[in-house]
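I opened the file to look up a few packing details. These are my notes.

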Amino acid sequence: MVFKKVENTDFADMDRIDRLNRLAFPPGEYVDAGELVEKAGRGYFDFWALYVESGVLEADGDVFARACDERGKDAGCGKGKGINSKEDSAFDSGFKGIGEPGFEAGKQGTGAAEGMEFIGFMVVVPFEDLAYLSFFAIEPAWRSRGYGSRALQTLPEVYPGYRHLIDIEMLDENCPNNAQRVRRRAFYLRNGYRPTGQFLSYFGGDFEMLVKGGEFRLDDYKRLIASLDIPEFQPVYFTKDNRV
């Protein structure tokens, strides 16, 4: 899998990034792709376009239309994660790979990767020794083939020696998409993430923090959030024992 850094909106696959971004994230979480890329270019975080070798598998061209039709059917409680945010419910770690090239850091340019197929994107906030995965989406036509797992397994190569953080929707039996939340959590656990016991609320949703590659320390995460300088993003932190 190739990670190609995106730092300006002249990127050749910007239209595909924008389309996937609109599909993957509900209104409560959606941030315009152009705005994300411009901020990445100013050093706020890293925006990675994900590629695999063209022709390794034939994409299902009808999946995008079906995903658009089905997006609303798995709506959660409040303004929490939508069906495709962070990880699609169909992600599977069973795909073993067909000789894709490895990580290509620093290959920034306006063109798509030659001979490669765009399959998704990640937005990562690196801070001190933390790498916080804040947006993660895979093209509908390429899901259920292990590419989500492949991307997560490549992240430690991109950020060696970092502690990797992600927040996912908190399990809640009263929410209609709880079964999807269970699958999503299992997906990250299969890929080496561990529960931290820390939860947070923001934008109307409750989320669980997971960590990979070290111990989670709340004060470190709070410093990362403060470094973003986003006044409207003010998480409320809690554990299951001290929730108000």
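Which residues does F121 touch, not counting residues up to four places away in sequence? I was working on a predicted model, and in it I found F121 touching I17, L20, N21, F25, F47, W48, A49, L50, F135, F136 and A137.

Next I looked up the core. The largest nonpolar core has 38 residues, and F121 is among those that touch the most other members, together with I17, F47, L165, Y221 and L224. I listed the elements that give two or more residues to this core: the helices α1 (14-24), α2 (33-41) and α6 (218-228), and the strands β2 (46-53), β3 (116-127), β4 (130-138), β6 (194-202) and β7 (205-212). β3 gives the most, with six residues. I also noted a second, separate core of 26 residues, which includes W142, Y147, L155 and I168.

Then I checked V2. I found V2 in strand β1 (residues 2-5), and V2 is buried, with a relative accessible area of 2%. V2 and L50 are 48 residues apart in sequence, but their C-alpha atoms are 5.8 Å apart in space.

Last, I went to K212, which sits in strand β7. Leaving aside neighbours within four places in sequence, I recorded contacts of K212 with L152, Q153, P156, Y162, R163, H164, N191, G192 and Y193.

Definitions and conventions. Residues are numbered from 1 along each chain as its sequence is written. This is a predicted model: local features need pLDDT of at least 70, side-chain atom pairs count only at pLDDT 80 or more; totals for chains, interfaces and linings use all residues. Side-chain values use heavy atoms; hydrogens and water are left out. A nonpolar core is a set of buried Ala, Val, Leu, Ile, Met, Phe, Trp, Tyr and Cys residues joined through side-chain atoms within 4.5 Å. Buried means under 20% relative accessible area, exposed over 50%, partly exposed in between (1.4 Å probe, protein chains only). Helices (H or I, at least four residues) and strands (E, at least two) are DSSP runs, numbered from the N terminus. Contact means heavy atoms within 4.5 Å.
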